[in-house]
There are 2 protein chains.
Amino acid sequence: MQFENLLAKRTENMGASAIRETLKVISQPGMISLGGGMPAPESFPMEIINQLCSRVLEIYSSDSLQYGPSEGFAPLRETLTEYLAEKGVSATSDDIIITSGSQGALDTIGKILIYHGDKIAVEAPTYLGAISAFNPYEPKYISLVTDDNGLVPEALDEMLSETKVKFIYLIPTFQNPTGRTIPLERRRRIADIIIRHNALLVEDDPYNALRFRGTDIPPIKTMAPDNVVYISTFSKILSPGMRLGFCVAPKLIKDWMVLAKQGVDLHTNTFSQAVASEYLAGGYLKKHLPLIVDVYRRKHSAMLTALDKYFPDELKWSRPDGGMFIWAVGPSYLDTEALYWKAIKKNVAYIPGKYFYTEEKKGNNAMRLNFTMADDATLDRAVKILADVLREEMNHESVNSEWRDTAVPHRTGTD
Amino acid sequence: MQFENLLAKRTENMGASAIRETLKVISQPGMISLGGGMPAPESFPMEIINQLCSRVLEIYSSDSLQYGPSEGFAPLRETLTEYLAEKGVSATSDDIIITSGSQGALDTIGKILIYHGDKIAVEAPTYLGAISAFNPYEPKYISLVTDDNGLVPEALDEMLSETKVKFIYLIPTFQNPTGRTIPLERRRRIADIIIRHNALLVEDDPYNALRFRGTDIPPIKTMAPDNVVYISTFSKILSPGMRLGFCVAPKLIKDWMVLAKQGVDLHTNTFSQAVASEYLAGGYLKKHLPLIVDVYRRKHSAMLTALDKYFPDELKWSRPDGGMFIWAVGPSYLDTEALYWKAIKKNVAYIPGKYFYTEEKKGNNAMRLNFTMADDATLDRAVKILADVLREEMNHESVNSEWRDTAVPHRTGTD
């Protein structure tokens, strides 16, 4: 039987087969992946989780295995109010919805807010998981202007004056893919702007707790609580495999998210929610988090050292104060996708920059480098290999591009 | 800030607020709920799960807590091939996708196949969770003709001759809400019909393992493998709180489901998948399942005994050989939604029949009764209370309806 003719029109928006093909090789044996976005496995609180599984069955008994409310397991929502308060986000448990990873929040938000052709504004570059959550709902993307300090407030103001968008999607802290953080003063201006324009901001904050230097900056949610849907996750502070996200949203949005979630998965995994609840309430996170941050600080330092040592001067890269990613940008003629296949042959993978853009022909000269999966020595080796591949490619390319500059007129129409 | 104007058009299709309001009272303290669809908590293998949590951390270590592939945890998909083979469903692990409950499969199928105005065919009545999964994708529903043996093949044949539908959605075994099972011979005819019409069937099979009498009937998937997406779940054989569904689909459909799932939740909870995998592979399900079935057989018998003893003769009800539900139908003047609020006052809840229909003004005289949550004595008491309320209402209603029959001409235009 043929099924092609049964596919919904929205699947035209869901292809993304290029990146799937590209990333498939990342999991090949022997590959050093700077491409993934996985937390370091040694950062998982294995022993604590083992204890908490038994404890949860003891405390909550069969309730930890039963169907639960779509908005989430009540004790977890309750204890999250304290966790959020420490970040400056004030919320009652009624304001909180637990989702299947922060991806689950992005999907539900897309479902209730985006209809075919609706405009949403995203940073350029932005998180590709958000693009894959929103795409099936067929938005038109508006790319927001960013600099080394993230979103440029004036550009946001101008965009909102001209264009009606359903929402703005931002990762203000240790952004994926750039690692950039929007400074406090700029956050205040962004908050003022969205309040003034009556605009809705979806603030995705997965890396917040992973700061290894500098001081915490409060989420934009704290500055414009009525205009912000705040999303975070247990993926980086407990376990990504448990697929636990949480979201603080204005009442109408939260109620619709709950309704949408009923259709998507009824509710988030009860047992994992109970484990996460005990992890917070029992003070385990507070004890364990410094260990996670130490692991990341060390790896981040190892990668920056290697980049400084090996990478060609023509590339610039971010030096984030936390999170999991470094964003490296080369000269405009650099084609990081072509380079990718050469790096793969030498068993080093990363993600080509273009996949983080919603517009064509952007980010071709950039790459996202993850430093959380490999050990220090492997990071050093991988960056060295990548630097060699880059140098070879760039020598070759700069010659080629000179040649092309002169040769182009003669080649018109032949390719 | 006002958000109403931000809502996507599809939310018009997602209201369902009536049933939410109706069901809210079910969880009130003191309520005897015959309304839920929850497995009996005493059927959960608590001690086995406790052991398996430790075992999974030991065997799979950090892999059990890490991000995993969107199609599902490889060892679980592998061991499911054997579980499925025992049901007659032949599948390789490549044909299987693990979803966040079977709800997750229904949502993804809706997402990739249904576009605004597309037709899908469902039994009338059908599972209301399927309606809430499909509604956001804005289908038009075609109601399939059913009798006491479920879907009527001739009616399906006729419908497919006249109408192009994206798919047919069926629960052939111990259907929710009716408890009905389509007999073997009828399944063969349905298989022939969908093959002949080149139609796609979504076969939802959550209750298959919960047979307490009679012999197993193979899924329609075994008779038309290329035309059927087969969905089942761990909710009734392990734990619903773990949100683990699984799906065997033709390659193109499965590939698109995986792609859609990436946007929805990246993947299903890894830890729970690992626990389920060990539950199957270690032979625990085989040991535990008879205990679950015994619990249900006893409760089912208690409820049928009570219905036979107390319910008015004007009602007829199904006598399923498995599953979790009994469907009771009264005389056409019976209004089970009005009755609901009277039953609630006496602390007994059920689900009014109308909520299982996609058409207006159907099922008003029916109710779904669940027998898995209460103990035998409570089931007896609840059915007795419900019978009293019914009798009172029906005496009153039959008088009223006589009065209305004569009074209607005089009241035209006044209500």
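Visitor: Angles under 35 degrees count as roughly parallel, over 145 as roughly antiparallel, 65 to 115 as roughly perpendicular and the rest as oblique; which helix is roughly parallel to α6(B)?

Guide: α7(B) is. This is a predicted model: local features need pLDDT of at least 70 and side-chain atom pairs 80 or more, while totals for chains, interfaces and linings use all residues. Residues are numbered from 1 along each chain's written sequence, with chains lettered from A and ligands numbered from 1 in written order.

Visitor: At what angle do the axes of α6 and α7 of chain B cross?

Guide: Roughly 10°, coming within 9 Å (lines fitted to C-alpha atoms over the stretch in contact, angles 0 to 180 degrees between N-to-C directions). Helix α6 of chain B covers residues 153-162 and α7 of chain B residues 184-197 (DSSP runs of H or I, at least four residues; strands are E, at least two).

Visitor: Which residues of α6(B) make the contact?

Guide: B:Pro153, B:Leu156, B:Asp157 and B:Leu160, against B:Arg186, B:Arg189, B:Ile190, B:Ile193 and B:His197 of α7(B) (C-beta atoms, placed from the backbone, within 7 Å). The contact of α6(B) with α7(B) has five nonpolar, one polar and three charged residues.

Visitor: New topic. What does B:Leu201 touch?

Guide: Leaving out residues up to four places away in sequence, B:Leu201 touches B:Phe167, B:Ile168, B:Leu170, B:Ile194, B:Ile220, B:Ala224, B:Asn227 and B:Val228.

Visitor: And chain A: how many helices and strands?

Guide: 12 helices and 15 strands. Its C-alpha atoms fill a box of roughly 75 × 60 × 50 Å along the principal axes.

Visitor: What share of chain A is buried?

Guide: 53% of its 415 residues (20 or more other C-beta atoms within 10 Å). Of contacts in chain A between residues at least 6 apart in sequence, 77% join residues at least 24 apart.

Conventions
A residue is buried if 20 or more other C-beta atoms lie within 10 Å of its own, exposed if 12 or fewer, and partly exposed in between; C-beta atoms are placed from the backbone. Two residues are in contact if their C-beta atoms, placed from the backbone, lie within 7 Å. Ala, Val, Leu, Ile, Met, Phe, Trp, Tyr, Cys and Pro count as nonpolar, Asp, Glu, Lys and Arg as charged, and the others, Gly among them, as polar.
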